[in-house]
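Here are my notes for your next look at this model.

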Amino acid sequence: MKSRYGKTLTLTVLSLLVLCIIAACGQTTTSTSTSSSSGEEAAEADKGSAVTPTHLNVALFWLGSNLDPAEEWNGWTLTRAAIGETLIQFDENMKLVPKIADSWERIDDTTWHFHIRDGVTFHNGNKVTADAVKKSIERSMELNERGQSTLPVASMTAEGQDLTIKTTEPYASLLGNIAEPLFVIVDTSADTSKFKSEPIATGPFMVTGYTPDQEIQVKKYGGYWDGAADVDTITFKYIKDDSTRALALQSGEIDVASNVGRSSLALFQDQSQYTIDEIPSLRTQFVWFNTKNPLLSDPEVRRAISYGISREMYANTLVGGQAAKGPFTSALPFGYDQVKGYDYEPETAKKLLDEAGYKDADGDGIREKDGQKLTLQLILNSAYESDSIVAAAMQSQLKEIGINLEMTSYEDLTDHQKSGNYDLALTSINTGITGDPQYILDFYFKTGAEWNIGGYSNPKLDAVIQQLHSEFDVEKRYELAAEAQQMILDDAAYMFITYTPINIVSKSAVQGATMYPIDFYLLDRNIQVRQ
């Protein structure tokens, strides 16, 4: 088992921000570029030259609603499947590296320049120019509310291979935000109505078939700018259940699987047959409190619940990883060491509930107030093994302090979360997806934010988050991030549980399957199969 638990991302993320934000981040790489007048012809010519065609079956734990990267979070699927690319991306060390753009520079606080790599073509053979990139970004901003929020663009100008973006305000996190797969570059001159099943992007693999909620079929793109991949075709199968993915890998149905449940990893310890790459992730398992619920509108009740669970036990005994304090893991330099979270203190929890007026008057073990039992509904995703295990443990521990926790599992939490028809919602998010704290704070904790579905609001927190937008000094950004996190913790607005490890397991013949801390990457052109 290949393990990288000892690896820390702190220095690399620090270097990223220092280089990219303060030093204006000019960076260039040289690559062999291959253009093609026809993506189909190039792919077929390359396929015809292969002696023995190679095929992989890869399991995805999430697929999205369709393949149009401008809609919802579908771009994550395109980057995982090596179909789409952004201007720049993060490598396995959380360093920003060139992709479609081969260099970039911050001209001033509101002006950024990108040079689009020469020789990049879309899967239909059309050349990728600065104007094509501009139109693709504009399309994402038009179709997705998240796009407008993450890129406050005043204007974009394109000339040849040069793209200039001016923002409406100083915006220190632009580079990390533009690396988010929402901004996968697509050919808007093509029939975009077909992008739900046939996106025209730039990656090393191009779509040849798509069955919603089931699978994606791709073949290598012979005109890929960095050289054609060795693997000829791949089928990406949607297997959302952790245990089912493990069984599919064990049976030989698939060759590569990401996020295999930890209880199943023992099945793949034979290094002659399998390779396991498991690393600390940037993913935080946490609970939303629905603050609109009268029982949870009281911060003392939320604090009691936060003191009533044993994060250390969950991490060390049940699901692995690390006990969480706030939204950001210790691998990110966003103030983890400066914030104070909640330890397991059941007596403190009981005292807080007593002071809030909740007593067990009838002796049934469940507290009540004004005749109302302290019963709460927790929703969770049934497909995620670690969430189910933690939820059961929470239910048991909260009962010890007089809270009745009822659980309901769903195959997909999205609609149920946004409906507000719950008390607590257990889930996990990658909190480092842009290599910067601003993105997550903007989207999950700011008043009225798209994913602040618990209704939490703190005007003082909003003001601190807003300061991040225009603060370019790295250390001051970290200080603001720590200040924001402590406000969230003091309000017990959310309950942070564990920082979960992530893995990718592949058959031993497969080479190049590497787990990235940011889990919207999975495969690239370097994937190979030993014959």
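1. Where is Lys-95 found? Lys-95 sits in the loop between β3 (88-90) and β4 (96-98); strands here are DSSP runs (E, at least two residues), helices are DSSP runs too (H or I, at least four residues), and both are numbered from the N terminus. Lys-95 counts as partly exposed because its relative accessibility is 40%, where buried means under 20% relative accessible area, exposed over 50% and partly exposed in between (1.4 Å probe, protein chains only). From Lys-95 to Leu-376 there are 281 residues in sequence and 42 Å in space, C-alpha to C-alpha.

2. A word on the source. This is a predicted model, in which local features need pLDDT of at least 70 and side-chain atom pairs count only at pLDDT 80 or more, while totals for chains, interfaces and linings use all residues. Residues are numbered from 1 along each chain as its sequence is written, and side-chain values use heavy atoms, with hydrogens and water left out.

3. Next, two backbone angles to look at. Most residues other than glycine have a negative phi. Glu-72 is not a glycine, yet has a positive phi of about 50°. Glu-72 belongs to the loop between β2 (55-60) and α3 (75-80), and with a relative accessible area of 49% it is partly exposed. Asp-370 also is a residue other than glycine with a positive phi, near 55°. The loop between β15 (368-369) and β16 (372-373) holds Asp-370, which is exposed at 77% relative accessibility.

4. Now a helix pair. Two packed helices are described by the angle between their axes and the distance between the axes. Helix α9 (residues 311-319) and helix α11 (residues 385-400) have axes that come within 11 Å and cross at roughly 130°; the axes are lines fitted to C-alpha atoms over the stretch in contact, with angles from 0 to 180 degrees between N-to-C directions.

5. Which residues of α9 and α11 make the contact? On α9 they are Met-313, Tyr-314, Leu-318 and Val-319, and on α11 they are Ser-386, Ile-389, Val-390, Ala-393, Met-394 and Gln-397, with contact meaning heavy atoms within 4.5 Å. By class, this contact has eight nonpolar, two polar and no charged residues (Ala, Val, Leu, Ile, Met, Phe, Trp, Tyr, Cys and Pro count as nonpolar, Asp, Glu, Lys and Arg as charged, and the others, Gly among them, as polar).

6. The structure holds 21 aromatic pairs: rings of Phe, Tyr and Trp (its six-membered ring) pair if their centres lie within 6.5 Å, and planes under 30 degrees apart count as stacked, over 60 as edge-to-face and the rest as tilted. Phe-328 and Phe-334 form an edge-to-face pair, 5.2 Å centre to centre with 90° between the planes. Phe-328 is buried at 1% relative accessibility, and Phe-334 is buried at 0%. Tyr-494 and Phe-496 form a stacked pair, 6.2 Å centre to centre with 5° between the planes.

7. Finally, ring pairs link Phe-286, Trp-288, Tyr-444, Phe-445, Trp-451, Tyr-494 and Phe-496 into a cluster. Helix α13 (residues 438-445) is mostly covered, with eight of its eight residues buried, including Tyr-444 and Phe-445.
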